[in-house]
Amino acid sequence: MSKMKINSKPDLSVDFAGIKLKNPVLTASGTFGYGEEFAEFVDLNKLGGVIVKGISLKPIKGNPPPRIWETPSGMLNAIGLENPGVDVFLGEKLPYLRKFDTAVIVNVFGYSLEDYVGVVERLGSAPGVAGLEVNISCPNVKQGGIVFGTNLKAAFELLSALRKATKLPLIAKLSPNVTDITEFAKAARDAGCDGLSLINTLLGMAIDVRCGRPRLANCTGGLSGPAIRPVAVRMVWQTAQAVPLPIIGMGGIVTGEDALEFILAGASAVAVGTANFVNPRATLDVIAGMEQVMREQGMSDVKSLIGRVSVR
Ligand SMILES: Cc1cc2nc3c(=O)[nH]c(=O)nc-3n(C[C@H](O)[C@H](O)[C@H](O)COP(=O)(O)O)c2cc1C
């Protein structure tokens, strides 16, 4: 780890799969809209990048309410990938985001292989898209995400088809709802992906014991927030040992210290998700917190911390 004089500003810049980030802090898909929704709280120019809410070929209405339930140190959601579709994204959302000096990573989703290929092809020729994050891990839709994210052969075939469909950096977003996440990381590597994102939400359920019904209309939902952080850090660490692809680590990041945990575990960048709902300026607090801890510890360059947890 490189050391520096206390008080000088640490270098937070990283290169993620060829995408230059001024700092490693991104927004987790689905928790920051398309950037505009948070722009009154956050100067988007200060972020390493914005990963937008998942985009599909056609608009999706999502699941019926209730779609959110707060849990100890976390929340369950079953939004069901509501989004306006790729045409509205290209016509209205991307032109707004392009104005900022931040990397725009588009999260994509489909119900079938053809859907995924269609949306990836549409995005590939759009100026201002730095990379694509492929959601193969949504636990809240019956077809699509969960099938591709929990079946090795399906994941490999999908990612291989997408590799042929785009030259943009391709980042596979992996599901934690599997026995061994490193197998899926290897499938993504073999399919030609440039990076990995982990973790998506953990499948969960909550029940109202007074009326005997599930808290979410969808019955089950995805658990996120600080409650899942140790699981996420463990999975990032295991994956970083198994596969040499760069990783965007996420799951319960609230502070700069949380973000540095993921970096030491092997992530090259991090994404802040559920924390944005509690504190819309969470991303900026995470950046400031990273700088503060690094300054205190005399660490000059975040790149020198990636994967540097010392395990005896
Ligand atoms: C309300 C909500 C919506 C989400 N929507 C998406 C999505 O559209 N695509 C996706 O890949 N992940 C989605 N996620 C998962 C997050 O990007 C992230 O992987 C997960 O929440 C863990 O990070 P966190 O604990 O910091 O929230 C969503 C999460 C939440 C809470």
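In the predicted model, a backbone N or O atom of I199 lies 2.9 Å from an oxygen atom of the ligand. The ligand has 25 residues around it, of which S29, K173, G225, G252 and T274 come nearest.

Helix 1, formed by residues 86-97, packs with helix 2, formed by residues 113-124, at an angle of about 20 degrees, and their axes are 10 Å apart. Angles under 35 degrees count as roughly parallel, and helix 1 and helix 2 are therefore described in this way relative to each other. Their crossing is right-handed. On the side of helix 1, V86, D87, F89 and L90 take part, meeting V119, R122 and L123 of helix 2. This contact comprises five nonpolar and two charged residues, with no polar ones.

Helix 4 (residues 152-165) and helix 5 (residues 181-190) pack at an angle of about 30 degrees, with 8 Å between their axes. These two helices are therefore roughly parallel to each other, and helix 4 crosses helix 5 in a right-handed sense. Helix 4 contributes L152, A155, F156 and L159 to the contact, while helix 5 contributes E183, F184, A187, A188 and D190. Classified by residue type, the contact of helix 4 with helix 5 contains seven nonpolar residues, two charged residues and no polar residues.

Terms used
Residues numbered from 1 in each chain as written. Predicted model: local features only at pLDDT ≥ 70, side-chain atom pairs only at ≥ 80, totals over all residues. Heavy atoms only, no water. Axes fitted to C-alpha atoms, helices over the stretch in contact; angles between N-to-C directions. Helix = DSSP H or I, 4+ residues; strand = E, 2+ residues; numbered from the N terminus. Parallel < 35°, antiparallel > 145°, perpendicular 65-115°, else oblique. Left-handed = near helix turned anticlockwise from the far one by under 90°. Contact = heavy atoms within 4.5 Å. Nonpolar A, V, L, I, M, F, W, Y, C, P; charged D, E, K, R; others polar. Near = heavy atom within 4 Å. Polar contact = N/O pair within 3.5 Å; in protein donor to acceptor, adjacent residues only side chain to side chain.
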